[in-house]
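Work through these exercises with the model open beside you. Try each task before you read its solution.

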Amino acid sequence: MADTTDDRTSDVKPVLTLSFDIQGRDFKASGEASHRIKRTLEQVGLDWSVIRRAAVVLYEAEMNIVIHATRGVLKAEISPSRLTIVAEDEGPGIPDIELAMQEGYSTAPEEIKLMGFGAGMGLPNIKEHADSLEIETEVGKGTRLVAVIDVPEGGAESQA
Amino acid sequence: MKLRDVVEALGLEVAAGREGLDREVTGGYCGDLLSDVMARAKRNYLWMTIQGHQNVVAVAVLTEVSGVVVCGDVEPEAATLERADREKVPILRTPLTAYEVCGRLYRLLN
């Protein structure tokens, strides 16, 4: 894990910002925003290991909005040294972040669990695949998640 | 090994995404929890599952698995097949259980 995002978002200007609106409970379109951002990351020529980690973070963040929130925005800010993924939603917020970060803890409804979601792995997955993660949340209002993935110099680092 | 050879060897039915059959298969992953598959499945793996809804296609595209085997005679939803055709993600059906498919695939690849 690297340091916090506070100084990270301010000192590097994104070269490219992508933003997609996400509707809560729209399981038909879910994954589309992540897919489109991933395609752009490929076009930009980012290293596969970065793209692979970004795909996990993007998808989990997108699905958190679809499963839990009314609506939200999934954003990717690409700069030469880092990829910043921001997921902002209007929704119930997270009453206990520590509990939500525990693998296996989930508040998803039963019918969503039957689809293979809500296994309590979303936030732990994001934490595992990002270099830093920050979550701001207000119960009854919504949640803002910022995950940063460092881009290795020359984008040449390679791992499965 | 090419996916189309795996399909033939295991007697899988191609339900959608025929255009993706030339992809390589280097391994496999079995799971029905999408977050688990998202984190553990690797590019060019074959994914065995009993989920037939269209979010399977989104996960398949993002993980770049070579295809999805919907096991146990589960009928994939029509929307799943449409999305899979659009994304060129092979959806393969079989009456075999995930255990049986994994066993046969393992023997085939190793």
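The model is predicted.

**Exercise 1.** Find how strand E3 and strand E5 of chain A pair, and over how many bridges.

*Solution.* Start with E3 of chain A, residues 82-90. Next locate E5 of chain A, residues 142-150. The two run in the antiparallel sense, and nine bridges join them. For one example, take A:Val86: its bridge partner in E5(A) is A:Val146.

**Exercise 2.** Give the strand order of the sheet in chain A, then say which strands stand at the edges.

*Solution.* The sheet is open and has five strands. Read across it: E1-E2-E3-E5-E4, with antiparallel pairing. E1 (16-23) and E4 (132-138) of chain A each have a single partner strand, so one side of each is left without a neighbour in the sheet. From one strand to the next, the twist averages 10°.

**Exercise 3.** Which strands of chain A does helix H2 lie across, and which does helix H3?

*Solution.* Take H2 of chain A first, residues 32-44. H2 lies across E1 and E2 (71-78), at about 165° to E1(A). Now take H3 of chain A, residues 48-68. H3 lies across E1, E2, E3 and E5, at about 5° to E3(A).

**Exercise 4.** Describe the side of chain A that touches chain B.

*Solution.* Count the residues in the contact: 19 from chain A and 16 from chain B. Then look for the helices on the chain A side. H2, H3 and H6 (122-129) each supply at least two residues. H3(A) gives the most, with four. Last, sort the chain A residues by type: nine are nonpolar, seven polar and three charged.

Notes: Residues are numbered from 1 along each chain as its sequence is written. Chains are lettered from A and ligands numbered from 1 in the order in which they are written. This is a predicted model: local features need pLDDT of at least 70, side-chain atom pairs count only at pLDDT 80 or more; totals for chains, interfaces and linings use all residues. Two strands pair if DSSP finds at least two bridges between them. Axes are lines fitted to C-alpha atoms, for helices over the stretch in contact, and angles run from 0 to 180 degrees between N-to-C directions. Two residues are in contact if their C-beta atoms, placed from the backbone, lie within 7 Å. Ala, Val, Leu, Ile, Met, Phe, Trp, Tyr, Cys and Pro count as nonpolar, Asp, Glu, Lys and Arg as charged, and the others, Gly among them, as polar.
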